[in-house]
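Try each one before you read its solution.

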Amino acid sequence: MTQRVFVANRGEIAVRIIEACDRLGYETVLGVSLADKASLAARRAGRVVVLGGPQSRDSYLSVDAVLHAAVETGCTALHPGYGFLSERSDLARGCADNDIVFVGPSPEALDALGDKLSARALAEKLDVPVSAGGTAESWDDVSALAEQIGYPVLVKAAYGGGGRGMKLVHTAADLAEAWSVASSEAAAAFGDGTVFLERYVTSAKHIEVQILGDRHGNRIHLGERECSVQYRYQKVVEESPSTSIDAATREVMTTSALKIAAELDYVGLGTVEFLYDVHNGEVAFLEVNPRLQVEHPVTEQVTGVDLVRQQLLAALGEPIEITQADAVPDGHAIEVRITAQDPERGLAPTPGRVAEWRPPVGGGIRLDSHIYQGYDFPPFYDALMGKLVTWGADRDAAIARMTHALDRFAIGGVTTSKPLLRRIVTDPAFADNTVTTHWLGDSILTGGAS
């Protein structure tokens, strides 16, 4: 039976999925908004269906429109990419109701992981280390819990992410307002205002473990990625493997990730995220992202595994083609996210026509992008233009190649984050990997000392 995959996404990840389907011999149908009819993904898909208007709510975020398009075009599977509807259990259930394979975990797994409080409870049940935290019904109990955890604390949305519905609280006097604002933001962004408290780690590394499972009970991890260079809880630079942790800490993280995967009978790709406290060496579970990650290319570069291929095969009932023994990292890879944003104006969006786009080429350089010269970058979606990835025999070599690649990357017509990325990868703190999750905001973007 010929597989026909509906690609329910846009931008570089839609191009990446289409390429993987082409290599597998699968047909593709791409759902686009009116703003993306001339996109690179639309040029490469086997067939294109317009979902609706340029606003995401009218197209990429419409479960009904996506399902209708997939059914009407006779698709056998649906790949949601990342963001948009990728973690929506109602889409996964809608696919099942229409005999379409959802390329992702089961609806039950999505429900369990979509609620961060439930995910924390699952981790605790499996003896996976978690940070101090929780929630309460009464305000007195919330205040008492904050005192028990110890300030500073984070107020976090139970659903969603990306920094929305998240507030850092330094004193008890600020807790009530932060709780109220975070809850309101969460309700507006995710449709649920549930929030909870979590210990704030002042010097943290963000480490995540890539997992992969199939319907035959095979589950492996593909090592870890470090994503400590962030701004407002958005990742900017990612790399694999992490040079911040030792073998014992890596074992705790990978074992914990596989425990969670086994408990959920997990199928497909997922990422189990942790915070690592550089002061005391403690590991704390954060959440599970039950989908393909933006930063998956760095894992591909060091393992040689095509993760999207394995994700598709696993969803369609095939066994994954690799074992744990095959997933051994070779060398080091770094990814930077090139965005249409102005670092001099607080990373304000800069949509417009891309007058020049000449990427670097050469050994150890990879670019995942949907941009071409003359492309009109739309103002309706995220600012990601492409992911530049470099590989080297070690971290120093990967950094040197990245610096060289950024210098050779010619982009014109729109202001981008490229100068900021070069500052990051040439900064001594990055070279020494002493950066933490708040380093970029406290140092580079404020002009402070590194």
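**Exercise 1.** Find which residues touch the most other members of the largest nonpolar core in this predicted model.

*Solution.* Start with the core itself, which has 96 residues. Within this core, Phe6, Leu78 and Ile424 touch the most other members. Next, look at where the core residues come from: helix H1 (residues 11–24) gives the largest share, eight residues. Finally, look beyond this core. Another one, of 22 residues, lies apart from it and includes Leu126, Val128, Tyr276 and Phe285.

**Exercise 2.** List what Phe6 contacts, leaving aside its neighbours within four places in sequence.

*Solution.* Among the contacts of Phe6 are Val29, Gly31 and Leu51. Continue along the chain and you meet Val66, Ala69 and Ala70, which Phe6 also contacts. Val66, Ala69 and Ala70 are among the buried residues of H3. Leu78 is another contact of Phe6.

**Exercise 3.** Work out how helix H3 (residues 63–72) and helix H4 (residues 89–97) are arranged.

*Solution.* First, take the axes: they come within 10 Å and cross at roughly 25°. Angles under 35 degrees count as roughly parallel, so H3 and H4 are roughly parallel to each other. The crossing is right-handed. Now find the residues that meet: Val63, Val66 and Leu67 on the H3 side, with Asp90, Leu91, Gly94 and Cys95 on the H4 side. Sorted by class, this contact has five nonpolar, one polar and one charged residues.

Notes. Residues numbered from 1 in each chain as written. Predicted model: local features only at pLDDT ≥ 70, side-chain atom pairs only at ≥ 80, totals over all residues. Heavy atoms only, no water. Axes fitted to C-alpha atoms, helices over the stretch in contact; angles between N-to-C directions. Helix = DSSP H or I, 4+ residues; strand = E, 2+ residues; numbered from the N terminus. Parallel < 35°, antiparallel > 145°, perpendicular 65-115°, else oblique. Left-handed = near helix turned anticlockwise from the far one by under 90°. Contact = heavy atoms within 4.5 Å. Nonpolar A, V, L, I, M, F, W, Y, C, P; charged D, E, K, R; others polar. Core = buried A, V, L, I, M, F, W, Y, C linked by side-chain atoms within 4.5 Å. Buried < 20%, exposed > 50% of the residue type's maximum accessible area, 1.4 Å probe, protein only.
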